[in-house]
Amino acid sequence: MPQKVFENFASGGGMVLKMQEIKNQICDICAKMWQLGWVAANDGNVSVRLADGTFLVTPAGIGKSFITPDKIVQINSASETIGETDYRPSSEIKMHLRCYQDRDDIGAVIHAHPPTATGYAVANKALDGYTMIEAVLTIGSVPVTPYGTPSTHEVPEAIAPYLQEHDVLLLQNHGALSVGADLLTAFYRMETLELWAKISLNAHLLGGAVEISRENIERLCSMRGQYGMSGRHPGYKKYPNGGS
Ligand SMILES: [Zn+2]
């Protein structure tokens, strides 16, 4: 699917989608998340920032494979719902709103529990091996952010220090978070994270991954500009104790 279709708040002059189309896209992404096994029961949440500064958010308490466009909730930056709805916004909305508040370049946020990446999160092991070209180029190291009780202010406070350098984070004992200028970019980053986590675990079973040379890592990082890649990248950064 062409990325243009997913442009929204942060697209800067491109095609602006109607709200109904964005709701359809959120449902499509939710269905993919469930098909990929990234969520069980009511796990996970998705949001998109609209051009008027409001947000479309997945509803609380509904499995991602059952979400339909009419269940998507529109809220303002104070988490107040806009318009008539029988649904409440996701309980993790504070985490999403903190992403939008702290970075103007973020137009979409995804939280899920992809099982291999979440394995690293519950083992408190950062994915900071610069071992696979695609992951080095697109997301760099992924730290484990400190433990936070879901739905409280602990979670946004825990992620904020890392958000300035990273588009993908592991949440300790919980799951993963990805952000992007648009929904498809955030989804692709979560896909890259989970595939890289699987590959890293396989390499570990085979005796350990071999890191790319620093010279080649620097070359890969410098190529991000040539490819016109959006978002943040930490450069070469290690997190030997998970997130600290
Ligand atoms: Zn979660």
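Which residues point one way from β1, and which point the other way? N45, S47 and R49 point one way from β1, V46 and V48 point the other way, and all of them are buried, where a residue counts as buried if 20 or more other C-beta atoms lie within 10 Å of its own, as exposed if 12 or fewer do, and as partly exposed in between, with C-beta atoms placed from the backbone. The structure is a predicted model, in which local features need pLDDT of at least 70 and side-chain atom pairs count only at pLDDT 80 or more, while totals for chains, interfaces and linings use all residues. Residues are numbered from 1 along each chain as its sequence is written.

**Overall architecture**

- The protein chain holds 7 helices and 7 strands, which are DSSP runs numbered from the N terminus, with helices (H or I) of at least four residues and strands (E) of at least two.
- Read from the N terminus on, the elements of the protein chain follow the order α-β-β-β-α-β-α-α-β-α-β-β-α-α.
- The radius of gyration of the protein chain is 17 Å, close to the 18 Å that the globule rule gives for 244 residues, so the chain is as compact as a globular protein of that length; the radius is taken over C-alpha atoms, and the rule is 2.2 Å times the number of residues to the power 0.38.
- Taken along the principal axes, the box filled by the C-alpha atoms of the protein chain is roughly 55 × 35 × 30 Å.
- Of the 244 residues in the protein chain, 43% are buried.
- Among contacts in the protein chain with a separation of 6 or more, 67% are between residues 24 or more positions apart, a contact being two residues whose C-beta atoms, placed from the backbone, lie within 7 Å.

- Strand β1 covers residues 45–49 and is mostly covered, since 5 of its 5 residues are buried.
- In a regular strand the side chains alternate between the two faces of the sheet.
- β1 runs antiparallel to strand β4 (residues 108–112), to which 4 bridges join it, and V48 stands opposite A108 in β4; strands pair here if DSSP finds at least two bridges between them.
- β1 also pairs in the antiparallel sense with strand β2 (residues 55–57) over 3 bridges, and the bridge partner of S47 in β2 is V57.
- The hairpin of β1 and β2 has 5 residues between the strands, and G53 in this hairpin takes a positive phi near 85°.

**Helices and what covers them**

- C30 lies in helix α1 (residues 19–35) and is buried, with 26 other C-beta atoms within 10 Å.
- Not counting residues up to four places away in sequence, C30 touches V46, T58, K64 and I67, while its C-alpha atom is separated by 8.6 Å from that of G44, 14 residues apart along the chain.
- In helix α2 (residues 93–102), the buried residues are I93, M95, H96, L97, C99 and Y100, and what covers them includes β1, β2, β3 (73–75), β4, α5 (154–163) and β7.
- In helix α3 (residues 115–122), the buried residues are A117, T118, Y120 and A121; they cover an arc of only 150° around the axis, which puts them on the same side of α3, the arc being that of the directions from the helix axis to the C-beta atoms.
- The buried residues of α3 pack against β5 (144–145), β6 (168–171), β7 (175–180) and α6 (183–205).

- Most residues other than glycine have a negative phi, and most peptide bonds are trans.
- A41 is not a glycine, yet has a positive phi of about 50°; A41 lies in the loop between α1 and β1 and counts as exposed, with 9 C-beta neighbours inside 10 Å.
- N124, also not a glycine, has a positive phi of about 55°; N124 lies in the loop between α3 and α4 (133–138) and is partly exposed, with 17 other C-beta atoms within 10 Å.

**Nonpolar core**

- The largest nonpolar core has 58 residues, of which I26, L169, L170, A176 and L193 touch the most other members; such a core is a set of buried Ala, Val, Leu, Ile, Met, Phe, Trp, Tyr and Cys residues joined through C-beta atoms within 7 Å.
- The largest share of this core, 8 residues, comes from α6.
- L193 touches P114, A117, I139, V142, V168, A176 and S178, not counting residues up to four places away in sequence.
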